[in-house]
Amino acid sequence: MLRATIFFIYVSSVASASETVGMPQLDPKSWVPQIFWLIITFSFLYIIISKIIFPRLSESIEQRNDYISDLIDEAKKLTEQTENLNKQYDNLIKNSNNQAQEIIINDRRKINIEFNKKQNLLNDKISNITMKAEEEIKNFHHNSIGQIKIIAKSITEELLKELSIKKMIDHKIISKNIEEICKKSIGNIN
Amino acid sequence: MANPMKQFEVKTIGPKIEIGNFDVSFTNSSLFMLITVSLISIFLIITTQKKSLVPSRLQLLSELAYQFVAKMIAETAGSKARPFFPFILTLFLFVLFCNMIGMLPYSFTVTSHIIVTFALATFIFIGVTIIGFVKHGFGYLKLFVPSGVPIILLPIIVVIEVISYLSRPVSLSVRLFANMMAGHTMLKVFGGFVISLGFVGGWLPLGFSVALTGLEILVAFLQAYVFAILTCIYLNDALNLHH
């Protein structure tokens, strides 16, 4: 407001004071050349801007925008891909965990079966061996008495020899006595 | 004290040129139009020579101007006004540079002449009117009939609308011209005070002068912006009929 007031006071004072100048803007003589040169210069500038500057600027700006949007698109794609890969990875881990679990369970079962089979086999073998051993023991038990008799007979004979009672060595009597002793002791044992 | 209106005088430079009966001599006004246009052209051509993906500082300057105008058009007139982009950019840069070059001491302000701004405004007015009629036919006249107005009021409203439409070139041109002339006159007045008050009392008007110069630079930019944005708004009326 202040600006406008100062201006108008001044313009009115100037207009009244100096008749020579007044407002040069209102002198019609200067209008035609101004319009003429305005048309020339403005058209020249318009042609330069619309033919040279505008295509250049819009091209470079659009190129940049395209480049940026391309990069953004690529980034989006890549994130999607990584998400997919992550999912696949998770799935793979889950699947392999499940598979491993299955394998463990199956193998445990197989091992158990195998183990049981082998245990049974071993048990059979062990029982066979024990049976054989028992038979052997029994046989040995049977045979041992005869052996003991022979050993006892030979020991007695040897004793009697040592005692130099050679004439007293009567095989029949010795055998008879041993037989009796055996009978008594084995009868006690049995 | 020197007459502050003397700075607006148009003086012929060189020989008198006549086309038909019209005197189209080269004047100081023409000289500054030429200087303005050459400056803009050289500036824009140099700064846009290298189209690098990452712009240099100079390239950024012209891109700044481009994007400033592009945003202005997009916000007021929308995408339909895109073909008129070079014109708006030319208009904005021309007015801006004329105003700014006018701020230099001893220079001439082209836009401080009513005939220049009026020629521009009239061209815009006629152009916008033609675009409106080409786009909408006689439907463009609906512009003068705002929707939702009671029928009794319509005759008055239509008359007011027509008057306001017809006064567009006047308001557009006088706004720019008056602002420029007022600012430069004031600067000259305060400059005159500095001289007449001398070394003792001249400091105060000198301070005013400095402050006013800052203000005038702001006004120079603002008026160029207003001129361009009003053109966009008028263009918007012609392109997208809202009423």
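B:Ala77 is buried, since 24 other C-beta atoms lie within 10 Å of its own; buried here means 20 or more such atoms, exposed means 12 or fewer, partly exposed is in between, and the C-beta atoms are placed from the backbone. That's one residue in a predicted model, where local features need pLDDT of at least 70, side-chain atom pairs count only at pLDDT 80 or more, and totals for chains, interfaces and linings use all residues. Residues are numbered from 1 along each chain as its sequence is written, while chains are lettered from A and ligands numbered from 1 in the order in which they are written.

**Around B:Ala77**

- You'll find B:Ala77 in the loop between helix H2 (57-76) and helix H3 (85-102) of chain B.
- Helices here are DSSP runs of H or I with at least four residues, strands are E runs of at least two, and both are numbered from the N terminus.
- Leaving aside residues up to four places away in sequence, B:Ala77 touches B:Cys232, B:Leu235, B:Asn236 and B:Leu239; a contact means that the C-beta atoms, placed from the backbone, lie within 7 Å.
- B:Ile229 is 152 residues from B:Ala77 along the chain, yet their C-alpha atoms are separated by 9.4 Å.

**Chain B overall**

- Chain B has seven helices and two strands, and its pattern along the sequence reads β-β-α-α-α-α-α-α-α.
- Its C-alpha trace spans about 65 × 55 × 45 Å along the principal axes.
- Of the 243 residues in chain B, 37% are buried.
- Take the contacts in chain B with a separation of 6 or more: 65% of them link residues 24 or more positions apart.

**Where the chains meet**

- On the chain A side, 41 residues are in contact with 43 residues of chain B.
- Helix H1 (2-17) and helix H2 (31-162) of chain A are the elements that give two or more residues to that side, and H2(A) brings the largest share, 27 residues.
- By type, the chain A side splits into 28 nonpolar, nine polar and four charged residues; Ala, Val, Leu, Ile, Met, Phe, Trp, Tyr, Cys and Pro count as nonpolar, Asp, Glu, Lys and Arg as charged, and the others, Gly among them, as polar.

**Helix H2 of chain A**

- H2(A) has a kink of about 40° at A:Ile53, shortly before the proline A:Pro55; the bend is the angle between axes fitted to the seven residues ending at a residue and the seven starting there.
- After H2(A) comes A:Ser164, with a positive phi near 55°.

**Confidence**

- Chain B has a mean pLDDT of 90, and 99% of its residues reach 70 or more; pLDDT is the predictor's confidence in each residue, from 0 to 100.
- For the complex, the predictor gives an ipTM of 0.91 and a pTM of 0.72.

Definitions and conventions: Two residues are in contact if their C-beta atoms, placed from the backbone, lie within 7 Å.
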